[in-house]
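Subject: Structure handover

Hello,

Here is the structure for you to open. My notes follow below it.

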Amino acid sequence: MHGLNVSTREITIFLPGLTLSLLVARNVEDLITDPADEDNIPLWAEIWPAARGLARYIWENITFSGDTVLELGAGIGLPGLVCGLKGARVTFSDYKPEALQLCMANAGLHGVKEADCLLADWRDFKIDRQFDWVIGSDILYDPKFHPFLTDIFNRCLRPGGQLLISHPGRPATFNFLKERLQENFHVVTEKLIPVTIEDPYFPHYDIFIHHYAMRA
């Protein structure tokens, strides 16, 4: 596809009452240049179960009506795309330009015009805007990023703004939510969403959804 720096293929994502065709990397293994370099392992190129679970939660439960949404670690951009389809003005963010190219291509494929992107590393996240919502699927997997993400949540959400986090039951994520959000956030709801993927070894996942609101 014109304007993309990565070879792609198309996959289909099924949500209740919604079918999405998404461009993804044709072969993730081709993108690995150095397995020892954590920053360049192409985690962005997969649609992880947590992204599917978050997308379903958003599709079934939330209407945005022009609210602004920042997706952190957007990767292919599935949850952010669903936000756009539900009426949000979406900013996809990732630290890989190839990921943001795919996010914008997928938004274009589905007629989501209220979308832009931000190339930024969590460790040096420069943005001077605040959002109505911040969302992230499986972004709290590594404790070394927790201080940076705490700062991003607190800076990038407007007072009363809402935070959506999904993950497949990672202890590190539970620890973060217990230890770092109590002061500035309160729980709106927590939910478990089953996700099935085409994998012969691990096809079934229970995805935890944590929905918080920032204290005004």
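How many helices and strands are there in the protein? There are five helices and nine strands. Both are DSSP runs numbered from the N terminus, with helices (H or I) of at least four residues and strands (E) of at least two.

Before the details, two points on the source. This is a predicted model, so local features need pLDDT of at least 70 and side-chain atom pairs count only at pLDDT 80 or more, while totals for chains, interfaces and linings use all residues. Residues are numbered from 1 along each chain as its sequence is written, and side-chain values use heavy atoms, with hydrogens and water left out.

Overall picture

Along the sequence the pattern reads β-β-α-β-α-β-α-β-β-α-β-α-β-β. Of the 216 residues, 50% count as buried (under 20% relative accessible area; exposed is over 50%, partly exposed in between; 1.4 Å probe, protein chains only).

Cores

The largest nonpolar core has 44 residues. Such a core is a set of buried Ala, Val, Leu, Ile, Met, Phe, Trp, Tyr and Cys residues joined through side-chain atoms within 4.5 Å. Ile47 and Ile58 have the most contacts inside it. A second, separate core has 25 residues, including Leu118 and Ile165.

H1 and H2

Helix H1 (residues 49–61) packs on helix H2 (residues 78–85) at about 10 degrees, with the axes 8 Å apart. Axes are lines fitted to C-alpha atoms, for helices over the stretch in contact, and angles run from 0 to 180 degrees between N-to-C directions. H1 is therefore roughly parallel to H2 (angles under 35 degrees; over 145 is roughly antiparallel, 65 to 115 roughly perpendicular, the rest oblique). From H1, the contact includes Ile58 and Trp59. From H2, Leu78, Pro79, Val82 and Cys83 take part. By class, this contact has nine nonpolar, no polar and one charged residues.

Leaving aside neighbours within four places in sequence, its contacts (heavy atoms within 4.5 Å) include Phe64, Ile135 and Leu164.

H4 and H5

Helix H4 (residues 146–156) and helix H5 (residues 171–180) pack at about 50 degrees, axes 12 Å apart. H4 and H5 are therefore oblique to each other. His146, Pro147, Thr150 and Phe153 of H4 meet Ala172, Phe176 and Arg180 of H5. These residues divide into four nonpolar, two polar and one charged.

Thr68

Is Thr68 buried or exposed? Thr68 counts as buried, because its relative accessibility is 13%. This residue lies in strand S3 (residues 68–72). Its contacts, neighbours within four places aside, are Arg89, Gln130, Phe131, Asp132 and Trp133.

Best wishes

Technical notes
Nonpolar A, V, L, I, M, F, W, Y, C, P; charged D, E, K, R; others polar.
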